[in-house]
Amino acid sequence: MTTARRDGPARLGNPVLLGIAGPAGLLLLIELAPRIGLVDERYLPPASRIGAALVTEAGTGVFWTALWETLSAWALGLALAVAAGVVAGIVIGSVPVLRALTASTVEFLRPIPSVALIPLAVLLYGTDLGSTLMLVCYAAFWQVLVQVLYGVADVDPVAFETARSFRFSAWARIRYVLWPTALPYVFTGIRLAASVALVLAITAELVIGAPGLGREIAVAQASEAVPTMYALIVVTGVLGVLINLLARTGERRLLAWHQSVRGEVAL
Amino acid sequence: MNVLKRTALALALPFVLFAGWWVLSADSENFYSPPLSAILTAFGDTWTLDRIRADVLPSLLRLFAGFLLAAVLGVAAGVAIGLNRRLRAVAEPVLEFFRAVPPPVLVPVIMLFAGIGDAMKVIVIVFGCVWPILLNTVEGVRAVDGVVLETARSYGVTGPARITHVILPSASPQIAAGLRQALSIAIILMVISEMFAASNGLGFTIVQFQRGFEIPEMWSGIILLGMLGFGLSLLFRLAERRALRWYEGLRAAQRSG
Amino acid sequence: MLEVKGLKKVYRSGEREVEALRDLTFTVARGDLVCLVGPSGCGKTTLLRCISGLLDPTAGDVRVNGKAVDGPPPGMAVVFQEYGRSLFPWMSVRGNVELPLKQKGVPKQRRHELVEQSLDAVGLSGSGSAFPWQLSGGMQQRVAIARAVAYEPQTLLMDEPFAAVDAQTRADLEDLVRQLWKRLGVTILFVTHDIDESVYLGQRVVMLSSSPTVVQDELTIDLPAERDQLTTRADPRFIELRTRVYEQIQAAKKNVA
């Protein structure tokens, strides 16, 4: 409440206006900095030229194909990773022996940077979708798996004992006790995996040259089409923001009943 | 007994996997997956002290320089933004956008400005790492307990002391979470910036092996990168556990109370 | 000397206005121990925050030793109800007690003396290096009291400090407050919702009405200075006084309804 005296709502100004002021200021800066010679125009074109390049891009079929390729690689990779992560997480998490056995391996494999697999992906799949999928799946899988493991560990032992004392079958125990407890964690895992998957999809395209927005960025860079390059980067940023927003709203809506029970799990 | 059992459990699966890989790949004719024995021989031959000094060390130096710079910038800016509501309202949409941009696309942009030298790689790492640190710091600063702030104020703990003794320690668990995310981004960016344009470094060397179809050497590089990632995250966790001992204790006390 | 004159506080949130304090006037003489008691939700905490300079009143003023309060006045210490949040969990007990002294610029030697003395005074001389969350609730509140005592205040504000501890600990802490008050000669303003506690502790009791709050009545507690949980609470005069306070509080509630 100490803050109330320093910046009450009257003195703070309209939050929506302020929220618009930030991006507007940034755009203005990018417009003016090259024009008054603060940065070299060849390196950072004015915002208006980037905007124009974006419009031009949006008029081409290549752009939309690339966008589609990126998004489908993202979605497919994410779906595979989520399916594998959830199944593996539940199996490992609900069998104590498996959990103890795999803990060290999971801890070892998880921090391996997914980009270490780039050369391997290139050899196995060349510049196909397969390369992108491999990296996306690898990176996203761990996010889901770890969250599901947290979730399964969070199951109240009393609830589990209760289910056992009523002679629930193993399947019913998973369906009615384990799954509802783990569900919020699954969503957190999906949200985290969704952003990681986009990063890896674009990275694979950029570095390996698999089809998609990342490759278009590399092409624009190689052909010194700097405004186009910036325009495409803006598109990837917007995609990232949209995916974050979507995942967060989805998570909040689906888990409205659960939020009060559980604090955010540390990343 | 318990320790022994735990160690056995921890080592069992890695051992089985390792043995499995060894046996299954022993007579491998497949060009892309050479026998593990060949990879290990290549590992010893490839990663000599000279090689480590020439390729691994520069990579690590870039990584640390970038990570530390990003940490200082991110925490400083995060505290400033977290403490000022108006600044936060202005900056937050911009920050959310920058965080959402996949960090590797920064490589071509920063190459324009900074060429292909060490500066480029460090700047790429700083640019990619700073956002999670910054945003987590903002969250941490915002979440400082009201009673804590009032206590500090009524006991005259103000100015710089307020930041070092109250705001930063209170936000440190979130800051640590941001640093942990940033560390894995830093490793990724280190490798990618070297794959793009470099004359030395781990990423560069591994790509060279791949392009030269020196498959066992390439595998050994991947393994080294994995070990590096694992080692750094282990180091980070040890440091974190030391620095946040109070937080773990507090949480344990809250759970049991 | 603490003077509260015509104090009024109105909270505004958008179109809605809530009048928490309507018109409060009372004084606490130097070296007195005054208890403020009122029905729950009567704005006791708002009043205390205005007095401690953490909140600006809408009208009226607070004077400490003749000087108007705007911001936390020097020479005043506050003990908050939420001891768990008011102690900094990242600092040891000793660190918590010492930090305000450091801010005040007390030399190191003297600081250590004050810390040890005050921890000793609250019966925690052995727990200096523990973290607050390793202690029980009652012990944590003792640490908060030690921090206030070490600060060497002329005025001590206590905001329902024992509302969250169990009954037996509470009795011990009440005696501790009386004992410290007599020894240090500080002015204490003690806010509580517990009628028995206010009569047992206070030299004077100020009763507040329900919100919007005014002073309902004042009462001098003419019990002997040496008080004791058993004999004082069984004293017919004690029962008489607490009945009067109780009646006034009941009357205050009816006035609103």
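**Figure 1. Which elements does chain A run through from the N terminus on?** In this predicted model, the elements of chain A run α-α-α-α-α-α-α-α-α-α-α-α from the N terminus. Counted up, that gives 12 helices and 0 strands.

**Figure 2. Here is chain A as a whole, with its overall dimensions.** Its C-alpha atoms fill a box of roughly 75 × 65 × 30 Å along the principal axes. Chain A has a radius of gyration of 23 Å, whereas a compact globule of 267 residues would have one near 18 Å.

**Figure 3. Now for burial and contacts in chain A.** How many of the 267 residues count as buried? The share is 39%. Take the contacts in chain A with a separation of 6 or more: 72% of them are between residues 24 or more positions apart.

**Figure 4. Chain C contains an open sheet of 10 strands.** Reading across the sheet, the order is β5-β4-β1-β2-β10-β9-β3-β8-β7-β6, and the pairing is mixed. The edge strands are β5 (67–68) and β6 (76–79) of chain C, each of which pairs on one side only. As a reminder for anyone following the backbone, strands of a sheet pair through backbone hydrogen bonds, either parallel or antiparallel.

**Figure 5. This close-up shows β9 and β10 of chain C, which run antiparallel.** Strand β9 covers residues 204–208 and strand β10 covers residues 213–220, with 5 bridges joining the two.

Conventions: Residues are numbered from 1 along each chain as its sequence is written. Chains are lettered from A and ligands numbered from 1 in the order in which they are written. This is a predicted model: local features need pLDDT of at least 70, side-chain atom pairs count only at pLDDT 80 or more; totals for chains, interfaces and linings use all residues. Helices (H or I, at least four residues) and strands (E, at least two) are DSSP runs, numbered from the N terminus. The radius of gyration is taken over C-alpha atoms; the globule rule is 2.2 Å times the number of residues to the power 0.38. A residue is buried if 20 or more other C-beta atoms lie within 10 Å of its own, exposed if 12 or fewer, and partly exposed in between; C-beta atoms are placed from the backbone. Two residues are in contact if their C-beta atoms, placed from the backbone, lie within 7 Å. Two strands pair if DSSP finds at least two bridges between them.
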